[in-house]
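Subject: A structure for you to explore

Hello! Here is the structure I promised to pass on, and below it you will find my notes. Please keep the 3D view open while you read.

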Amino acid sequence: MSAEIELVGTFAEEEECVHAVDALKRNGIAFRVFSPIPSEHLLHAIGRGLSPVRAFVLIGGIAGVLTGIAVTVGTSWEWNLVVGGKPVVSWPPFIIIMFELMILFGGLSAAASFFLFAHLPQLDPIPGYSERFGADRFGIAVACEEADSAKIEALMREAGAEEIAHEDPRARTLEAH
Amino acid sequence: MSAHSQTPVPPKAPEMIPGGEGLRAPIALVAVCVILTLVGVAGFIAGVMTETEPHAWQAFLVNFLFFFSIAQGGVVISASFYLTQARWGGPGAYRLAESFYFFIPVAFVLFWILFFGRAELWPWVTKPVAKNPTWLNTPFFFAREGFALLAMTALDLWFVRISRRVDVRQWALSNDNIEMPPTAIRRIAPALAITYAAVMSLVAFDLIMSLAPQWKSTLFGAFFFAGAFWSGIVAMALTAVVLRGRLGAGNLFTRDTIMHDLGKLTFAFSVFWAYTLFAQYIVIWYGDIPAETFFLVVRGALIGGPAGYTIYTPWMIPTWTVPLLVWVVPFVVLMGVKPKKTPAILGTVAFLGLVGMWLERYVLVVPSITPHYVPFDWIELAVTLGFLGIFGLCAIPGMKLTIAAAMAPQVLEAAEK
């Protein structure tokens, strides 16, 4: 990227942050948003749809049920023993195994796909991040040319930015935080 | 935040949520309820007089359990809203849950009618069970049931009274803070919930399980009250759907979020009902002891036993319809967000759920008395309609407050947030 500097706007209110996001989107400017809370308004403003994690939970759950059937029915056929006068393949207790494996696989694939899609663990700091964005402030980082910075700054100020920091992305190190 | 203030919040405006004073029940509805009640009374008396089979008494017990469950479930749902500090529907959700409360004292009176049918219903009245004559005998049975239902009724009435106080309504209305509910309601709500569990278990053990005194299932009480809780929820959902179209534009029940919440409750507690059912079923199936399995065999519920062991009985269809209506249909249909928010779908599921719960009570009660055939005929129908009529009349006072709360501008404004 040919970006020269990183503009980081800080917002005290969710609403202001949403306004800034709208304004940046209208002007076709790329940005990153930091939020201390999971905010539906922000997600909506960014235009991000439903999480792909949902699909993986469903797939995991179905896989769990199928595994449950395979394990219970498979071993029953393999041994072919009559236990307690019941048929070799007796469904009622199998339902429990199927149910538990559905939960287990669904839960594990939810956790795994969450890490995957959230790009976690994130060992290097994301450009523009500040600890305040994990506490009580919303933040928007925009990578841009020096020449465009005044316009973007005006957009964010208009939306209600508390302060706007100019950062040099090349100077960024872990110690900077 | 510490919300433990001894002084109640001073009411800002006592008249902020209108009561039901200005409202009148439609005369046609009252007339229909009265006619249904008369049909029921006539059918019941005719049944008791003419039939040699105890149809009328069975129908009476089934309907007593069903309608009492709805009313009692509703009140305990209101209590559980306080326990979870639920303010998603404001006072409207509380009034909706308490809509049918007045049937509870009426049910306490109706309960004593069963005294005259005891010999027709419970086998141990005429043939004492050798194992536990001290528990299953007429005086002790009616004494403990009477006491339990009286305690429950008194607590319910007291609870509903507090729940309608101005400071409590004020709390339910304000959803911009994290205040705990007022002290009085916070003390009585857990007491009500615990009493509910105890009394409903006793009712299940005595009124239903002792119809087949050889059979026992420890979880049966919990199964019964989980079902009662769910029937309260579906009754709320159905009421909300019906009122939605009748209260004019912008009433509380036209909100998607309210429909969504009722749909979620319907879905969740249907699963819980199925869970308590399966938890009993699996133990009986696994143990395969005749003293336990006969209860399922009679109802055609035991399948997948030893090869060729499935026994077909006339009860099979009603029995298997119950989990279909109470669990399969809500689970499959209400899985998504859209169906939960679509009143026609939620209303249909709720209505089918109520039919399923009625059938559940029927299948729990009647096969213990007439195992070899399904005795449903016009007497059951008449008695059911009669109970429906009484229930409808009893719902009028509670429903007025529900309607008033659902249309109050303050409630609608709070629900907007």
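Which residues have the most contacts inside the largest nonpolar core? They are B:Phe67, B:Ala71, B:Phe100, B:Phe103, B:Phe229, B:Ala237 and B:Ala240, in a core of 112 residues. A nonpolar core here is a set of buried Ala, Val, Leu, Ile, Met, Phe, Trp, Tyr and Cys residues joined through C-beta atoms within 7 Å. A residue is buried if 20 or more other C-beta atoms lie within 10 Å of its own, exposed if 12 or fewer, and partly exposed in between, with C-beta atoms placed from the backbone.

Before going on, a word on how to read this. The model is predicted, so local features need pLDDT of at least 70 and side-chain atom pairs count only at pLDDT 80 or more, while totals for chains, interfaces and linings use all residues. Residues are numbered from 1 along each chain as its sequence is written, and chains are lettered from A and ligands numbered from 1 in the order in which they are written.

Helices (H or I, at least four residues) and strands (E, at least two) are DSSP runs, numbered from the N terminus. Leaving out residues up to four places away in sequence, B:Phe67 touches B:Phe103, B:Ala107, B:Phe387 and B:Phe391; a contact means C-beta atoms, placed from the backbone, within 7 Å. There is also a second, separate core of 21 residues, which includes A:Val8, A:Val18, A:Ala20 and A:Leu24.

In helix H10 (residues 220-244) of chain B, 21 of the 25 residues are buried. The expected span of a helix is 1.5 Å times one less than its number of residues, and for H10(B) this gives 36 Å, which agrees with the 36 Å between its end C-alpha atoms. Helix H15 (residues 343-365) of chain B holds B:Gly356. Is B:Gly356 buried or exposed? B:Gly356 counts as buried because it has 26 C-beta neighbours inside 10 Å. Its contacts, again without residues up to four places away in sequence, are B:Val322, B:Leu325 and B:Val326.

Now to chain A, where strand E3 (residues 138-144) has 6 of its 7 residues buried. Strand E1 (residues 5-11) of chain A pairs with E3(A) in the antiparallel sense over 7 bridges, and strand E2 (residues 32-34) of chain A runs antiparallel to E3(A), joined by 3 bridges. Strands pair if DSSP finds at least two bridges between them. A:Gly139 in E3(A) is the bridge partner of A:Thr10 and also of A:Phe34.

The loops have some details too. The peptide bond from A:Leu120 to A:Pro121 is cis, with omega near -5°. A:Asn80, in the loop between H3 and H4 of chain A, is not a glycine, but its phi is positive, near 55°. A:Asn80 counts as exposed because it has 9 C-beta neighbours inside 10 Å.

Finally, how far can you trust chain A? Its mean pLDDT (the predictor's confidence in each residue, from 0 to 100) is 86, and 93% of its residues reach 70 or more. Over residues 173-177 of chain A, however, the pLDDT is below 50. Where pLDDT is low, the predicted coordinates should not be read in detail.

Enjoy exploring!

How values were computed
Two residues are in contact if their C-beta atoms, placed from the backbone, lie within 7 Å.
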